[in-house]
Structure formats: structure tokens, C-alpha cells
Amino acid sequence: MAARVQQLILGLGKGKQSNIATAGTTFLRFMKNNADVTSPQPIFENDAAEIGKGNEFIANTYPSHYEVSSALDKYASAEFVTWAAAFGLGNVVQTGTAPTCAYTLTPINPGTTLELPYFSVCEQVSEGGGAAIDNLYVGCAVEDFTYSFNSGPGRASSKMTVNWVGSGLVTTPSGVVVPALTVENNMLAASATLTVNGVDYVGTKRILSGSIGWKNNLLLNAGFFPGSGLQNGLQVRGRMEVGTRVPSFQFTTRLLAASTEYATLIAQTTGTAVLTVQHDAGNIVTFTFPQMAFQMAKNTESDGIVAVTITGAPENNVTNGVFTVATICGIAGIAQ
Amino acid sequence: MDDSKTVKKIRMRHPHTSDEVEVEATSEAVIPYMVKGYQQVLAESGPRPGDADGPAEEQVTLAEPEKD
């Protein structure tokens, strides 16, 4: 007997947990592209290097801590991008009612909190009438997310990847009945509009590809503080705070005689950068950098066409912050 | 985005100062407050509007994580 990886049932917490150690009770079931199966990884240390045993070999092992982390690589849907950006940025405002729920998502203000909303992750794999895997990871946070868009057909033209980290708390069996698959509304790159520093890159048919990212650089070691908690005698994290957060934006566009990218770079002109992708009027995502200069403009080629890759330098705008994601999708209550 | 057809205003509160404001329910209006650390005031109890949407959800009772 065995189980195929496609049998993996993935449930991501919809609502935020009340605290890092209390599991969420509502879940959204998603498909994904990567075959990663999360492990509750207990870490043990040993005394091989310690002096006085008479040799260099291990005499004893000692429980240390739990490490839990995994990745989600998905075609970008309005629902999943909303989930990822809501938990990845942390400050969530939702208005409207299904099927038109509008989300405004901004990074948490460090003067208010350093902790992102925590979510639970459930993974289940049935095998031989039982469960080969049935784990509930409690107290998870988004380490980073990246939205990427590319030239080319199909859902692969628009993808979202998320790396998440767990507190180490695991409940087995999960006790969760994961709901039916979420009906996702994928947003193809062909729907994109992109304006950067006053230049309409779609209207001029110049844009080729790009990516928008956010990395929280979570302070993982600081989560193991005195009193953070134990599970099976191994330490678990009692908090996961954001470190030095980094927004990123890079895009590649055809290079024309009238291209202004190099001049914008030299002048360090700042402006807004707005990327919108959508499935339809009820499933839209808009990424906004309110104030961005160019950090680098590197000439390149794509399919034999001369192009330039721009690396943005998102700046914090006093009024509108450094990065905003606004979405419309049919699911209410994400990260709330 | 403008969803003013369904929600006109929302309440936002600063968690430290407890200052509370009523803001037009648009991204343009709420972002300056979110940047300052204000958070949306949610209903104290009962389901949120639209919670009945999407695929069915299971409410489950979970065991407390083991703590030594």
C-alpha cells in the first residue's frame, strides 16, 4: 500500500488564531503545485563534541526544539493572494459582503505589534483506510510571499508562492474535517495593468515579466524564550515577531528608443507603482507601492528582444505607507 | 476599490490610544489610518457579514497542544 502525493489534503486556516498556541477552527482547502509535505521536525542535539567522554563519538542525545516550515507554490487566484497577503502583511480591513468582499491589506505598524496574525495548517493523506499523515500545525506565520507574472499562456503566467514557518506546535491526529476545495478564480497575466512612475507598461505593450515580494524576516530564534513552552520535551516557539521587513518589485520590459527607465534611475525620480490583475469584476488584486524609485536598470534580452530589467526601491510614504494590497474576492473573514 | 454600495463606513481603532474613528469604507480612506496602526473594529459577537459564503466549513473542537 502507498499513497500518492496528490491525495494530500491541505487546509489553511481562514481566520486568525486568538493566540499562537490556540488552533484556528475554520479552514480553506487549496490545491498547490509543489510536492512538499510538511514534517513536524523534532531537533535533537548530542554530546559528540563535548570533552571528558574518552572519545569523539556520541554518548547521549538531548531534545532541543521543533522546526516546522513549508512552502506553497500556487497559480495565483484572488482567494489565495488575499489569504497570503492578509497573513503576510498582517493589518487587514474587510468590507462588503459575499460574493464581493473587499480587502485592504497593509503591513503591521511596528508601533502597534511585531506579531503577524497566526494561522493553522492542516495536512492529511489517507492511506490503506487510515491516515499516513494527519497533522495540524498550530501557530504558523508567513515568512514571505512573492507574486510573479510572466509572458506565456495559461495559469503559469500568474503565480503566488508563500513560505511559512510554524511555532512547532503539532496536533496529531488533527481532529479537523477539512472543507471542500475552495473554488479559486485564477487571474491570468493577460488581465494585468501596470503603471510605474507614470509609464503605462501594458498600454505600450512593453511589459514582459515581473515579481512583487514581501519578506518578513521573522525573528525565529527569539521565539524560543524562557517559558516559551515544550512539546514532548522539546522547545516550541511562544512568539514569532517580524524582523527587518523587505518589500521588493522587479520587472522586465522591452527597451525602446523612448524608454525612460535609465533617466528615471539617474534622476532617482519617485512615483507610484500599481499592478492590477483580475479574473473578473468580483475577483481582483491590486498591488501598490505608493512611492518607489529605481534601484537598478540592467539591460538584457528576452526571446531575442532587447529588454531592461528594473529593480525597484520601494520607499515609505508618510501617508500611504510602503506597500498595499487591495483585493476583491468571494470569501469573507480571511485573517480576521 | 469602492464597495460603497454595500458598506458606507467602518470603524477603526488604535489599539494603544483607543482613539476610534469612522472612515469611509474604501482603500484610499482606510490606508492612511492603517499605516498609523489603526485596526478595523469587528463586531463583538455573531457572524460577520458574508461568513456563510464559499465552501462549507467545519467547526471542530481541537485538543490543547501538549505542554510539559
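Is A:Leu181 buried, exposed or partly exposed, and how many other C-beta atoms lie within 10 Å? Good morning, colleagues; I shall begin with that residue. The structure above is a predicted model, and A:Leu181 in this model is partly exposed, with 13 other C-beta atoms within 10 Å. The cut-off matters here: a residue counts as buried from 20 such atoms and as exposed at 12 or fewer. A:Leu181 belongs to the loop that runs between strand S10 (158-171) and strand S11 (193-196) of chain A. Its C-alpha lies 9.0 Å from that of A:Gly11, although 170 residues separate A:Leu181 and A:Gly11 in sequence.

A:Phe323 sits in the loop between S19 and strand S20 (324-329) of chain A. A:Phe323 has 26 other C-beta atoms within 10 Å and is therefore buried. Beyond its neighbours within four places in sequence, A:Phe323 contacts A:Pro107, A:Trp214, A:Pro247, A:Phe289 and A:Pro314. From A:Phe323 to A:Leu105 the C-alpha distance is 8.7 Å, across 218 residues of sequence.

Strand S19 (residues 305-314) of chain A pairs with strand S16 (residues 246-254) of chain A, antiparallel, through five bridges. In that pairing, A:Thr253 is opposite A:Val308 in S19(A). S19(A) is also paired, again in the antiparallel sense, with strand S18 (residues 283-302) of chain A, over ten bridges. Here A:Ala293 faces A:Ala313 in S19(A). S18(A) and S19(A) form a hairpin with two residues between the strands, and A:Asp303 in this hairpin has a positive phi near 55 degrees. As background, strands of a sheet pair through backbone hydrogen bonds, either parallel or antiparallel.

Next, helix H1 of chain A, which covers residues 78-89. These twelve residues reach 16 Å from the first C-alpha to the last, close to the 16 Å expected at 1.5 Å a residue. How many of the residues of H1(A) are buried? Twelve of the twelve are, so H1(A) is largely enclosed by the rest of the structure. Just after the helix, A:Gly90 adopts a positive phi of about 105 degrees.

In general, nonpolar side chains in soluble globular proteins tend to be buried together. A:Ala86, apart from its neighbours within four places in sequence, is in contact with A:Val92, A:Tyr103, A:Leu105, A:Ile334 and A:Ala335.

I come now to chain B. Chain B contains one helix and three strands, arranged from the N terminus as β-β-α-β. Of its 68 residues, 24% are buried. The three strands make an open antiparallel sheet in the order S2-S1-S3. Strand S2 (20-24) and strand S3 (39-40) of chain B are at the edges with a single partner strand each, so one side of each has no neighbour in the sheet. Helix H1 (residues 27-35) of chain B packs on this sheet and touches S1 and S2 of chain B, its direction making about 150 degrees with that of S2(B). Strand S1 (residues 9-13) of chain B is joined to S3(B) by two bridges, and B:Met12 is opposite B:Gln40.

What covers the buried residues of H1(B)? The cover includes strand S6 (90-95), strand S7 (101-107) and S20 of chain A, together with S1 and S2 of chain B. The residues concerned are B:Ser27, B:Val30, B:Ile31, B:Tyr33, B:Met34 and B:Val35. Just beyond H1(B), B:Gly37 has a positive phi of about 105 degrees.

Finally, a word on confidence. The model scores ipTM 0.91 and pTM 0.91. For chain B the mean pLDDT is 70, with 53% of its residues at 70 or more. Over residues 45-68 of chain B, pLDDT stays under 50, yet the model has 55 contacts beyond four places in sequence for that stretch. Where pLDDT is low, the predicted coordinates should not be read in detail. Thank you for your attention.

How values were computed:
Residues are numbered from 1 along each chain as its sequence is written. Chains are lettered from A and ligands numbered from 1 in the order in which they are written. This is a predicted model: local features need pLDDT of at least 70, side-chain atom pairs count only at pLDDT 80 or more; totals for chains, interfaces and linings use all residues. Helices (H or I, at least four residues) and strands (E, at least two) are DSSP runs, numbered from the N terminus. The expected span of a helix is 1.5 Å times one less than its number of residues. Two residues are in contact if their C-beta atoms, placed from the backbone, lie within 7 Å. Two strands pair if DSSP finds at least two bridges between them. Axes are lines fitted to C-alpha atoms, for helices over the stretch in contact, and angles run from 0 to 180 degrees between N-to-C directions. pLDDT is the predictor's confidence in each residue, from 0 to 100.
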